[in-house]
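Here's a short tour of one protein model, written for someone new to reading structures. Keep the picture open while you read, and look up each residue as it comes along.

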Amino acid sequence: MYKAVFLDMDGTLLRSDHSVSAPTQQVIRTLTARGIPVVLVSARPLDAILPTARQIGLVDLPLVSLNGGYITEKEQPIFQAVIDLATTARVTEEVRPHKATIAYYLQREWYTETSDSWTEHEQKIMDVKIKVQPFAEMSRDWSARKIGPNKMMVMGEPDSIAVIEAHLKSVFGKSMNIYTSKPTYLEVMDPAGSKSNAVRFLIGRMNLDRTEVIAMGDNFNDREMIQFAGMGVAMGNAPDEIKKVADYVTDTNNNDGVRKALEKLFQL
């Protein structure tokens with residue numbers, strides 16, 4: 001019945017130590033050998049997805065990075081959603097009065113105005129070194145190259161993030177895609193950039209209907225993807241709000257929840 005699988009990474013496919021268990025890898029290889037594509041869909045930039053994709057054998061399949069803001073196939077871009085520079089500057093100014101750090105992600109690059117504990121944490125999972133420079137310099141460079149961020153990520157303590165989220169939503173309304181991926185991370189994207197839009201785009205290329213796909217995730221940035229798929233699966237470690245919108249709830253990421261769900265749904 002199901003002809004494709006879309007998997008979130010952190011908190012879903014990956015255990016807390018960022019590894020994928022050998023049994024889970026084997027189940028995924030079994031599906032791809034049967035011609036069922038397994039697509040990684042992550043908030044991570046591409047270069048932080050590739051090591052896992054190579055390990056499991058998914059590197060030639062589409063890879064959805066930056067929460068759907070940048071999609072590649074065989075490492076070549078096939079879709080991207082970009083925040084225009086005027087909006088990028090405005091979001092930056094609206095965040096400045098608050099205690100938070102902004103990271104800007106452009107395809108396979110990332111930038112910040114200041115290096116701190118937040119960016120250092122992210123650097124641990126990134127193969128690409130962050131570029132630290134004033135926003136004015138970034139903006140001039142991006143303008144000359146005619147590019148812009150695929151995603152902005154605001155990082156801070158939960159109380160600050162909650163205030164910033166409410167403020168940005170009051171300023172931008174539905175003209176921007178603004179949501180928390182976890183209590184300390186606020187994602188800001190063009191409305192075309194989302195995990196659900198990425199799944200919709202890719203199943204169009206695969207000539208599949210939404211009822212024929214499985215999407216699995218653990219957090220708020222996975223909600224629309226879980227709701228969109230014919231079979232939406234929430235991890236056992238997901239918040240209750242995400243479990244409520246899922247068709248099925250599996251075990252936790254640290255207890256092979258992905259493997260268990262795939263074995264059940266594909267009767268392996």
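## Before you start

This is a predicted model, so local features are used only at pLDDT of at least 70 and side-chain atom pairs only at pLDDT 80 or more, while totals for chains, interfaces and linings use all residues. Residues are numbered from 1 along each chain as its sequence is written, and side-chain values use heavy atoms, with hydrogens and water left out.

Helices (H or I, at least four residues) and strands (E, at least two) are DSSP runs, numbered from the N terminus.

## Two helices side by side

Let's begin with helix 3 (residues 85–95) and helix 5 (residues 135–145). Two packed helices are described by the angle between their axes and the distance between the axes. Here the axes come within 11 Å and cross at roughly 170°. That makes helix 3 roughly antiparallel to helix 5. The axes are lines fitted to C-alpha atoms, for helices over the stretch in contact, and angles run from 0 to 180 degrees between N-to-C directions. As for the labels, under 35 degrees is roughly parallel, over 145 roughly antiparallel, 65 to 115 roughly perpendicular, and the rest oblique.

Which residues in helix 3 and helix 5 meet? From helix 3 come Leu85, Thr88, Ala89 and Thr92, and from helix 5 come Phe135, Ser139, Trp142 and Ser143. Contact means heavy atoms within 4.5 Å. The residues of this contact split into 4 nonpolar, 4 polar and no charged. Ala, Val, Leu, Ile, Met, Phe, Trp, Tyr, Cys and Pro count as nonpolar, Asp, Glu, Lys and Arg as charged, and the others, Gly among them, as polar.

## Which side faces in?

In helix 5, the buried residues are Phe135, Met138, Ser139 and Trp142. (Buried means under 20% relative accessible area, exposed over 50%, partly exposed in between, with a 1.4 Å probe and protein chains only.) Looking down the axis of helix 5, you'd find its buried residues within an arc of 95°, so they line one face of the helix. That arc is taken from the directions from the helix axis to the C-beta atoms. An α-helix has 3.6 residues a turn, so residues three or four places apart point the same way. Turned away from the buried side of helix 5 is a face with the exposed residues Arg140 and Ala144. The cover over the buried residues of helix 5 includes helix 3, strand 6 (101–106) and strand 7 (109–112).

Now helix 3: its buried residues are Thr87, Thr88, Val91, Thr92 and Val95. They cover an arc of only 140° around the axis, which puts them on the same side of helix 3. These buried residues pack against strand 6, helix 5, strand 9 (151–155), helix 6 (158–172) and strand 11 (185–189).

## A group of rings

How many aromatic pairs does the whole structure hold? A search finds 7. Rings of Phe, Tyr and Trp (its six-membered ring) pair if their centres lie within 6.5 Å; planes under 30 degrees apart count as stacked, over 60 as edge-to-face, and the rest as tilted.

Take Tyr104 and Phe135: their ring centres are 5.6 Å apart and their planes sit at 40°, so the pair is tilted. It links distant parts of the chain, with Tyr104 in strand 6 and Phe135 in helix 5, 31 residues apart. Phe135 also pairs with Trp142, with centres 6.2 Å apart and planes at 80°, so that pair is edge-to-face. Tyr104 has a relative accessibility of 0%, so it counts as buried. Both Phe135 and Trp142 are buried too. Together, Tyr104, Tyr111, Phe135 and Trp142 form one aromatic cluster.

## A few residues in loops

Asp8 sits in the loop between strand 1 (4–7) and helix 1 (22–33). Is Asp8 buried or exposed? At 3% relative accessibility, Asp8 is buried. Not counting residues up to four places away in sequence, what Asp8 touches includes Leu13, Val41 and Lys195.

Asn67 isn't a glycine, yet its phi is positive, about 55°. You'll find Asn67 in the loop between strand 3 (62–65) and strand 4 (70–73), and at 0% relative accessibility Asn67 is buried. Glu75 has a positive phi as well, near 65°. Glu75 lies in the loop between strand 4 and strand 5 (76–80), and Glu75 is partly exposed, at 26% relative accessible area.
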